[in-house]
Amino acid sequence: MVGTGPVRNSGRWRGQVKVQIDAARCQGHGRCYDLAPEVFGEDDEGYGHVLGDGLVPAALHAQARLGAMNCPESAIDVVEEA
Amino acid sequence: MTVDDRFEQEDLRARRDERLVGTRSEVMAGPVRDWATDFSHMEPEWYDDPYPVQDELRERCPIAHTERFGGAWLPTRYEDVAAIAYDTDNFSSRAIVMGNFRPPLDIAPAGGVPPISSDPPFHHDARKLLLPAFTKKAVAKQEAATRAYCHSLIDAFTGRAEVDAAAEYAQHIPTRVIGDMLGFPQSDEPLYREFVEGALEGLNAPPEVRVERTGHLFDYLVTQIRDHLEHPRDDLTSYLLQAEMGGEKLDAFHVAGTMSLLLIAGIDTTWSAIGASLWHLARTPEDRRRLVAEPALLPTAMEEFLRTYAPVTMARLVKHDITWRGADMKAEDWILLSFPAANRDPAHVDRADEVVIDREVNRHAAFGLGIHRCVGSHLARMELRVALETWLERIPEFSLADPEAVTWAAGQVRGPRTLPLIVQPAVT
């Protein structure tokens, strides 16, 4: 299933991961939604956006980090929330 | 409905030529004396193999200079290339092909081929017009036809032991795809090679020869535009003809300039990327065998080919005198913005000079950085992936027929132009 429904019960576990895209930096390279299609999507102009509310379920942490680390503009933050 | 008279004037070509009257600098050619103070991208020791030159400069003189081309600078570190790409206050995109000709100042902010030649704020709206047609989702519609066309090119190799993968394969794929998207007749495809060479190569040719060469392309585009005005259809040309910016239709030179950009930049860049990838695989049997055995690795490998053999180098013009990171730059000096050099900076990437086809983290700048990120990058990636997938499936065994016979394009778009390969089709 495509992970458009992220984890809702935030705070229940430690080590929650949240992703965000800095729209001012994103130039629409699309590496995030190429590599992490369950975490990021593309808009009508090719810019990336975060699917859902940005909280990433554990099963998708690696995918989210891969997408973020490959952003040529370093526009994606992966925030570990305690 | 109003009559569209933008392309009716008889003097369109003359006005176009007049609009491009700029300044010319003295042609200085011949062997480079010292790469730090006399670099040139137009000499064979650069275009045959620029990487050792770039690596040496990065160590010794990371922002090189030359008096050629009326004065130019060459940053070789990733951080410097990125900073200039992001700095539209000090560096203009008014011209993006470095040579001995600078277009007039008043051609800004649109430039001759918007939006690549445009500066803010004009750039934003001109680019926005193009983005929806080039998203990953939009270009996916071309994939089936692209794949079928790749197969037909390989079908034509039947019975041959040697083929030119640049001239008989790589070149044709982006030509067909962008020509179809623009709505041009497929029978015109043989003309486009001359247009590409006229726009991007032979930069030391006399100015009148260059104006004449790019004029051929302009005349061709006007013919296509007039045909589309008479017979509108669902393609990029008709789209640009009805597109509006700020409530007004685009002027004739904006339409023709953007079409020229899409055609030229749509062809030679991807042609170069496909060719360079096949060249690498032809001379690196372990990588070729691994990709044949693990086709799922191709999207990752492809990014590494884009990093290490990035086809495109851009240019900027310095807007005003400035001392930039120690370099005394003068207004109208060129910057040769080498994304290939940035991609091989060991301060930015581990094992920078190695081709690591399973490199997972690959923050390369092959499609540029900042507001001028290649608008066709999703299309290019689709074409490159389909071209390589199809080739490897049909021709898993291939090697260079003669390494010395491989030739590379001169100028700012680098890729093989002659690539003779010994081929063995898949056993079916």
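Colleague: In which loop of chain B does B:P109 lie?
Modeller: This is a predicted model. A cis peptide bond joins B:A108 and B:P109, with omega about 5°. As for its place, B:P109 is in the loop between β5 (101–102) and α5 (122–130) of chain B.

Colleague: Is B:F69 buried or exposed?
Modeller: B:F69 sits in the loop between β2 (63–66) and β3 (72–75) of chain B. Its phi is positive, about 60°, although B:F69 is not a glycine. The cut-off for burial is 20 or more other C-beta atoms within 10 Å. B:F69 has 25, so the residue is buried.

Colleague: What is the phi of B:R325?
Modeller: B:R325 is in the loop between β10 (322–324) and β11 (327–329) of chain B. With 14 C-beta neighbours inside 10 Å, B:R325 counts as partly exposed. Most residues other than glycine have a negative phi. B:R325 is not a glycine, yet its phi is positive, about 45°.

Colleague: Which residues does B:R102 touch, not counting those up to four places away in sequence?
Modeller: B:R102 is placed in strand β5 of chain B. It counts as partly exposed because it has 19 C-beta neighbours inside 10 Å. The residues that B:R102 touches are B:G22, B:T23, B:A95, B:L317 and B:E332.

Colleague: How many Å apart in space are B:R102 and B:D234?
Modeller: In sequence, B:R102 and B:D234 are 132 residues apart. In space, taken C-alpha to C-alpha, the separation of B:R102 and B:D234 is 36 Å.

Colleague: How many Å apart are the end C-alpha atoms of helix α10 of chain B?
Modeller: Helix α10 covers residues 189–200 of chain B, 12 residues in total. At 1.5 Å a residue, the helix should span 16 Å. The model agrees with that, as the end C-alpha atoms are apart by 17 Å.

Colleague: Within what arc do the buried residues of α10(B) fall?
Modeller: In α10(B), the buried residues are B:Y192, B:F195, B:V196, B:G198, B:A199 and B:L200. Seen down the helix axis, they line one face of α10(B), because they fall within an arc of 165°.

Colleague: What covers the buried residues of α10(B)?
Modeller: The buried set in α10(B) includes B:Y192 and B:F195. Among the elements of chain B that cover the buried residues are α9 (172–182), α11 (207–230) and α13 (252–283).

Colleague: In what order do the elements of chain A run?
Modeller: Chain A has 2 helices and 5 strands. Of its 82 residues, 38% are buried. From the N terminus on, the elements of chain A run β-α-β-β-β-α-β.

Colleague: What is the bridge partner of A:K18 in β4(A)?
Modeller: Strand β1 covers residues 16–21 of chain A. It pairs with β4(A) in the antiparallel sense over 2 bridges. In β4(A), the bridge partner of A:K18 is A:L55.

Colleague: How many residues does chain B bring to the contact with chain A?
Modeller: Chain A brings 14 residues to the contact. By class, that side of chain A has 4 nonpolar, 6 polar and 4 charged residues. The number from chain B is 20.

Colleague: Where in chain A does pLDDT stay under 50?
Modeller: Chain B has a mean pLDDT of 94, while chain A averages 85. The model scores ipTM 0.94 and pTM 0.94. Where pLDDT is low, the predicted coordinates should not be read in detail. In chain A, pLDDT stays under 50 over residues 1–13.

How values were computed
Residues are numbered from 1 along each chain as its sequence is written. Chains are lettered from A and ligands numbered from 1 in the order in which they are written. This is a predicted model: local features need pLDDT of at least 70, side-chain atom pairs count only at pLDDT 80 or more; totals for chains, interfaces and linings use all residues. Helices (H or I, at least four residues) and strands (E, at least two) are DSSP runs, numbered from the N terminus. A residue is buried if 20 or more other C-beta atoms lie within 10 Å of its own, exposed if 12 or fewer, and partly exposed in between; C-beta atoms are placed from the backbone. Two residues are in contact if their C-beta atoms, placed from the backbone, lie within 7 Å. Ala, Val, Leu, Ile, Met, Phe, Trp, Tyr, Cys and Pro count as nonpolar, Asp, Glu, Lys and Arg as charged, and the others, Gly among them, as polar. pLDDT is the predictor's confidence in each residue, from 0 to 100. The expected span of a helix is 1.5 Å times one less than its number of residues. The arc is that of the directions from the helix axis to the C-beta atoms. Two strands pair if DSSP finds at least two bridges between them.
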